[in-house]
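Dear colleague,

I am passing on the structure we spoke of, and my notes on it follow below. Please read them with the model open beside you.

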Amino acid sequence: MNGLRAVIACLVIVCAAVVSPAAAATPAASAAARPSWSALPVPAAAPPVTVLDLAARGPGEAWATGYEQAADGLRPMLYRWDGAAWSRDTTFPGTAEPGWLGKVQFVGEEVWIFHNSAGAGEILRRSAGGWSAVPLPQTLWTYQDFTAVPGAAWVVGEDDTGLKVLHYDGSTWTTQAAPDGVLYLMGITARTATDAWAWADTSTGTAVLRWDGTVWRDAKVPLPPNSNVHTILVEPTAGRVTIGGSQYTDGVARTYLMTFNGRAWRTTYPPLGDTYTEAMVRGPDGALWLPVRSDRAFQSKYARVDGTRTTFSYGPERTNAIDVKPRALARVGSSLLSFGTVEIYGSKPNLMSERLGG
């Protein structure tokens with residue numbers, strides 16, 4: 001009997017020795033299979049630089065905008081991703097003149113970019129035949145935001161008479177009226193020419209407006225009390241809309257997300273602190289992704305929000321970096337692309353880009 005027990009004990013030990021390494025390797029293998037962020041080279045601009053937008057149309061085309069600091073003021077800055085590398089584009093009208101480039105939109109086969117050219121606003125359009133410009137019908141004091149879809153474009157801002165909502169139908173500019181009580185439009189986005197959304201400062205607080213092809217109306221979105229809106233992400237899937245913003249309680253801000261599924265709004269408070277959600281995108285995995293303030297000076301940090309689950313990942317380590325700031329995200333096929341700035345010790349912030357997967 002004792003001999004049988006000894007044989008069984010030996011078999012158990014042998015089995016454990018055979019199975020344990022494979023079992024122990026499973027988590028490591030899973031971690032190795034998980035995609036990670038990698039650094040992408042970007043041609044330097046004149047620091048300090050500011051990144052304003054990033055947009056992509058599939059894995060082989062993305063555009064990033066902003067401005068650099070020239071000796072006599074701001075200069076517009078435009079970069080293109082071709083699926084393999086970043087390059088600087090200096091072929092657009094006004095490339096060497098004072099100003100900046102803002103939001104990028106894809107309209108059919110064209111790229112549309114808002115351009116502030118020495119204070120005057122215009123829309124740059126890039127087609128197969130090259131660049132052209134659509135000037136605004138008037139100069140505004142402030143150009144707050146821009147959006148474009150096939151058949152329509154909007155620019156919102158202010159002049160000496162107050163709020164302005166400028167609408168372009170492909171040939172003609174008109175001025176649209178905002179609902180009574182709207183003091184300022186902070187941002188605008190659109191799904192189609194007859195379905196646009198804006199977030200506004202009103203006499204009663206923050207409100208969400210919606211354009212139905214005829215008139216702007218209060219969308220009656222039940223925003224959290226004492227809150228503001230950073231961004232609205234409209235998606236073609238089943239009319240889904242996601243709002244990101246901050247709610248203030250006793251002077252302390254916390255980030256909230258609201259999702260509309262076509263029937264009702266649902267509000268959540270992921271553990272994001274007071275993260276600004278303007279750069280939020282829907283990733284190729286179906287989750288929401290956004291850059292967050294990093295607790296590591298030499299690495300960027302990103303949040304992934306999937307329903308009630310929030311996880312975080314870090315970008316690659318950057319030698320001698322004291323501040324790494326991804327400013328914008330975009331989905332490029334099955335990958336995520338970020339564009340922003342990195343400050344290396346002893347120098348001013350310059351451009352950086354990172355990719356998840358790919």
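Strands S8 and S9 form a hairpin, with 2 residues between them, in what is a predicted model. S8 covers residues 120–127 and S9 covers residues 130–135, and the two run antiparallel, joined by 6 bridges. Within this pairing, serine 127 has glycine 130 of S9 as its bridge partner.

Elsewhere there is an open sheet of 4 strands, which follow the order S2-S3-S4-S5 with antiparallel pairing. Its edge strands are S2 (50–56) and S5 (86–88), each of which pairs on one side only. On average, and with direction ignored, neighbouring strands of this sheet are turned by 25° against each other. S2 pairs with S3 (residues 62–70) in the antiparallel sense, over 6 bridges, and here leucine 54 stands opposite alanine 64 of S3. When you look at side chains along these strands, please keep in mind that in a regular strand they alternate between the two faces of the sheet.

I also looked at the second largest pocket, which holds about 240 Å³ of space. Which strand gives the most to the lining of this pocket? It is S25 (residues 309–314), with 4 residues; Thr311, Phe312, Ser313 and Tyr314 are among the lining residues. The lining also includes Arg34, Pro35, Ser36 and Trp37, together with Trp289, Arg304 and Leu356.

With best regards

Conventions. Residues are numbered from 1 along each chain as its sequence is written. This is a predicted model: local features need pLDDT of at least 70, side-chain atom pairs count only at pLDDT 80 or more; totals for chains, interfaces and linings use all residues. Side-chain values use heavy atoms; hydrogens and water are left out. On a 1 Å grid over the protein atoms alone, a cavity is a set of points where a 1.4 Å probe fits but cannot get out, and a pocket is an open set with protein on both sides within 12 Å along at least five of seven lines; lining residues have an atom within 4 Å of a point. Grid points are joined across faces, edges and corners, and a volume is the space filled by probe spheres set on the points. Two strands pair if DSSP finds at least two bridges between them. Axes are lines fitted to C-alpha atoms, for helices over the stretch in contact, and angles run from 0 to 180 degrees between N-to-C directions.
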